[in-house]
Amino acid sequence: RQHEAPRRVKRAWVIPPISVSENHKRIPHLLVQIKSDKQQPGGVIYSIKGPGVDEEPLGIFSIDKFSGKVFLNAMLDREENDRYRLRAFALDLGGATLEEPTDLEIIVVDQNDNRPLFRQDVFTGRVVEGAEPGTCVMTVDATDADDPDTDNAALRYSILDQGAAGMFSINASTGEICTARPGLDRETMGLYNLTVQAADMSGDGLTTTAVAVIYLEDINDNPPEFTKEEFSMEVEEQEAGVEVGKVFVHDKDLAGSPSWLAKFTILEGDPEGAFAIRTDPHTNDGVLSVVKPLDHEVRDRFELTVSVQNERPLEPSAPASPRALATVRVRVRDVNEAPVFRENPRRISVLEGTSPGTPITTYTASDPDTHQIQTLTYALLYDPADWLQLDPHAGTVRTKRELLHPSAFLQGGWYIALVLARDDAEPPLSATGTLSIEILEVNDHAPQLRPPAGVLCGRPGRGGTLLLGATDDDRPPHGAPFHFQLSPQHPQLARNWSIARFNGEVTHAVLAVLAELPEGPYSLPLLLRDSGTPPREQQQLLNVSVCHCGRDGTCLDGVLAAATAGAGITLGALMIILGSTILLLVLAGLGAARVRGRRRALRKGLLQRSRDDMRDNILNYDEQGGGEEDQDAYDINQLRHPELFSPRAKPPLRRDAPLSSGTPLPHRKLPSSPSDIEDFINEGLEAADSDPSVPPYDTALIYDYEGSGSVASPLSSIVSSLTDEDQDYDYLSDWGPRFRRLADLYG
């Protein structure tokens with residue numbers, strides 16, 4: 001197969017690139033003439049196509065279709081389109097192609113028609129003050145729309161204006177701005193404004209300008225300084241947490257920066273740490289304050305040495321400050337101070353039962369105002385039981401009444417009182433001291449046998465034991481453990497009885513029978529002793545009823561009930577006592593009838609005698625009985641003439657009283673004055689308690705019925721027509737001590 005040889009293109013039809021300058025003003029302008037070698041009869045028709053002809057932008061280029069001349073019809077802008085590529089065609093009159101289409105390239109030649117443009121109008125940079133020369137700060141840059149391959153876009157930078165200092169330089173090719181010399185000081189000039197220029201044509205063409213702003217960053221190259229060497233202040237004594245005053249400083253560094261903030265230190269003059277100094281964050285001044293109360297009497301003046309420095313350390317190149325130290329003189333003003341109880345609370349111990357008026361302590365305060373003459377007085381601020389009395393001048397505390405256990409005012413054996421001390425200044429100040437009094441227990445009570453009676457079986461080892469206990473009104477250590485023993489005065493008791501401690505208990509013991517005993521009541525004298533210092537002991541009777549034992553060693557029920565009711569008395573003894581009681585009741589009834597007859601006779605004499613007595617204005621019932629319907633209950637002549645009715649014999653012993661109280665009460669002598677009715681009533685009460693004809697102690701008393709109405713008028717009607725001035729109450733003073741109060745009010 002034969003290869004087809006390349007077709008030969010005629011040289012006249014090959015069109016080289018055509019250059020045309022932008023902004024060409026002579027329009028239309030002939031650019032080139034194209035021509036085909038294939039001439040035909042009638043000629044050749046030429047045409048062009050492409051951007052600028054039949055494509056946007058339209059109408060820039062045109063061609064004479066008969067001569068083949070290509071024209072420029074509009075001004076070109078290289079910055080919009082730097083070249084155009086067109087296609088040229090040659091046709092005959094019939095429209096047939098004579099030549100293959102050829103390329104027509106039109107190159108737009110650049111002109112320096114664009115100024116350089118900075119990317120921003122203002123450039124900002126920062127550099128620390130004191131920077132070394134050659135320290136780069138920032139870079140300014142500009143652009144040029146002209147052909148970068150020509151001098152039309154070759155830019156050069158320069159500084160047009162930066163002030164007289166000339167501290168900065170700029171790289172002409174890169175636009176980098178750097179420090180040119182030393183000596184940048186923010187405190188002298190903290191801001192530099194530079195006018196920079198960019199020019200094309202390597203600095204000889206078109207130009208433009210911008211502003212470069214350079215800020216100097218602060219460093220701590222200036223130490224803080226006090227505004228003066230000495231400061232004077234005053235503060236009142238006993239103040240704490242208050243400001244005394246300020247010390248003023250000045251720092252040239254940037255306000256608010258760590259290089260500006262000051263830090264103060266008290267170097268001398270405050271060994272106890274009574275002062276503190278801090279920095280005011282707004283003014284940077286030092287604020288001196290008192291953290292511990294000052295005492296004018298101890299020290300009235302302070303001379304403090306204060307230093308100042310920055311939070312950030314100084315630069316090595318910074319100069320030393322001649323005013324880094326200052327002297328602060330503080331004067332302490334004297335004010336009235338409250339008294340002080342040096343011992344608060346005061347704790348003392350007092351024996352219970354201490355007699356009234358006994359000095360127990362002297363509780364005084366001291367006045368801190370030694371430079372002022374003042375007098376202290378004292379008063380009891382809190383004395384809940386009213387046990388104490390206080391000397392208002394000497395502060396001596398005495399007992400007002402006996403201090404006894406137990407009391408609701410004691411807390412764990414302690415009595416708390418508050419003492420008030422007051423000075424006589426204007427205005428007066430006071431202080432309160434706490435007086436804690438420990439009431440020491442005194443062993444003033446002997447242990448008491450509980451219970452004082454019991455029942456046990458009379459056989460040894462088979463129920464023949466009785467659990468004994470004791471109580472003591474004293475508090476530890478004057479109470480338990482208790483010691484139980486048979487009375488040493490009756491050694492024969494040890495043959496039949498024994499006492500031993502009960503399982504290690506400190507308050508109980510066990511009474512045991514050593515030999516078989518017959519049934520019946522027994523009275524055992526026991527000696528009980530406590531563990532106080534000194535110990536207290538007391539001999540007491542234990543009433544024991546020995547019962548009939550059952551097989552299991554317990555008392556039989558019937559015997560136990562009888563023994564319980566009669567405290568160990570046998571059935572025969574009970575029958576004898578019952579018969580005696582009936583006989584006594586009969587005799588008492590006869591005696592009561594006889595006394596009632598004597599009362600009626602005596603009442604008639606009293607009424608006859610009291611006709612002229614002023615007291616006859618009051619209805620005289622002459623008795624304390626059962627009301628108006630019971631006129632025979634009591635004869636008041638026993639009160640007016642006790643010598644007529646005094647008991648002649650010893651009062652009988654009550655059967656329901658405990659066996660331990662078998663000793664009768666001694667007979668009391670009648671009062672010398674018949675008007676002292678109270679003593680006689682007490683004696684009557686004692687006689688009634690010992691009277692076997694009255695009910696037992698624990699029997700509910702039934703009083704006489706007083707009737708459903710009264711024949712007397714209301715008491716208010718007695719004096720309805722009289723006033724106090726019409727009455728004579730002098731006779732009240734004759735009625736005895738119980739009516740003295742009424743005599744004082746109305747007599």
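Arginine 333 and glutamate 236 form a salt bridge in which the closest N and O atoms are 3.7 Å apart. This pair connects distant parts of the chain, since arginine 333 lies in strand β25 and glutamate 236 in strand β18, 97 residues apart. The model described here is predicted. Arginine 333 is partly exposed, with a relative accessible area of 30%, and glutamate 236 is partly exposed as well, with a value of 32%. Both residues belong to a network of salt bridges that links Glu234, Glu236, Arg331 and Arg333.

**Overall content**

The protein has 5 helices and 40 strands. Of its 747 residues, 34% are buried. Among contacts between residues at least 6 apart in sequence, 66% join residues at least 24 apart. The structure holds 19 salt bridges.

**Salt bridges**

| Arginine 333 | Glutamate 236 | 3.7 Å |

Aspartate 280 is buried, with a relative accessible area of 12%, whereas lysine 246 counts as partly exposed at 31%.

Arginine 186 counts as buried because its relative accessibility is 16%, under the 20% limit. Glutamate 187, at 23% relative accessibility, counts as partly exposed.

**The sheet with β18 and β25**

Strands β18 and β25 belong to an open sheet of 4 strands in the order β18-β25-β24-β21, with mixed pairing. β18 (230-236) and β21 stand at the edges; each has a single partner strand, so one side of each is left without a neighbour in the sheet. Neighbouring strands of this sheet are turned by 30° against each other on average, direction ignored. Within the sheet, β24 (residues 301-310) and β25 (residues 325-333) run antiparallel and are joined by 7 bridges.

**The loop between β20 and β21**

Aspartate 251 is found in the loop between β20 (249-250) and β21 (262-268). Aspartate 251 is buried yet has no salt bridge, and the nearest side chain of opposite charge, arginine 186, is 7.1 Å away. What does the side chain of aspartate 251 reach at 2.9 Å? It reaches the backbone nitrogen of aspartate 253 at that distance. The side chain of aspartate 251 also makes a polar contact of 2.8 Å with the side chain of asparagine 310. Not counting residues up to four places away in sequence, aspartate 251 touches Asn222, Pro223, Pro224, Ser259, Trp260 and Asn310.

Alanine 255 is found in the loop between β20 and β21 too. Is alanine 255 buried or exposed? Alanine 255 is exposed, with a relative accessible area of 57%, and the cut-off for that class is over 50%. The C-alpha atoms of alanine 255 and threonine 283 are separated by 9.2 Å, although the two residues are 28 residues apart along the chain.

**The sheet with β10, β14 and β13**

Another open sheet has 3 strands in the order β10-β14-β13, with antiparallel pairing. Its edge strands are β10 (136-139) and β13 (168-170), each of which pairs on one side only. The twist from one strand to the next averages 20°. β13 pairs with strand β14 (residues 176-179) in the antiparallel sense over 3 bridges. Serine 169 has cysteine 178 in β14 as its bridge partner.

**Valine 44**

Valine 44 is placed in the loop between β2 (29-33) and β3 (45-49). Valine 44 counts as buried because its relative accessibility is 5%. Leaving aside neighbours within four places in sequence, valine 44 is in contact with Lys38, Gln39, Lys65, Phe66, Ala90, Leu91 and Leu98. Valine 44 and glycine 95 are 51 residues apart in sequence, and their C-alpha atoms are 9.5 Å apart in space.

Terms used: Residues are numbered from 1 along each chain as its sequence is written. This is a predicted model: local features need pLDDT of at least 70, side-chain atom pairs count only at pLDDT 80 or more; totals for chains, interfaces and linings use all residues. Side-chain values use heavy atoms; hydrogens and water are left out. Two strands pair if DSSP finds at least two bridges between them. Helices (H or I, at least four residues) and strands (E, at least two) are DSSP runs, numbered from the N terminus. Axes are lines fitted to C-alpha atoms, for helices over the stretch in contact, and angles run from 0 to 180 degrees between N-to-C directions. Buried means under 20% relative accessible area, exposed over 50%, partly exposed in between (1.4 Å probe, protein chains only). Contact means heavy atoms within 4.5 Å. Lys and Arg count as positive and Asp and Glu as negative; His and the chain ends are not counted. A salt bridge is a side-chain nitrogen of Lys or Arg within 4 Å of a carboxyl oxygen of Asp or Glu. A polar contact is a pair of N or O atoms within 3.5 Å; within protein, one must be able to donate a hydrogen and the other to accept it, and residues adjacent in sequence count only if both atoms are side-chain atoms.
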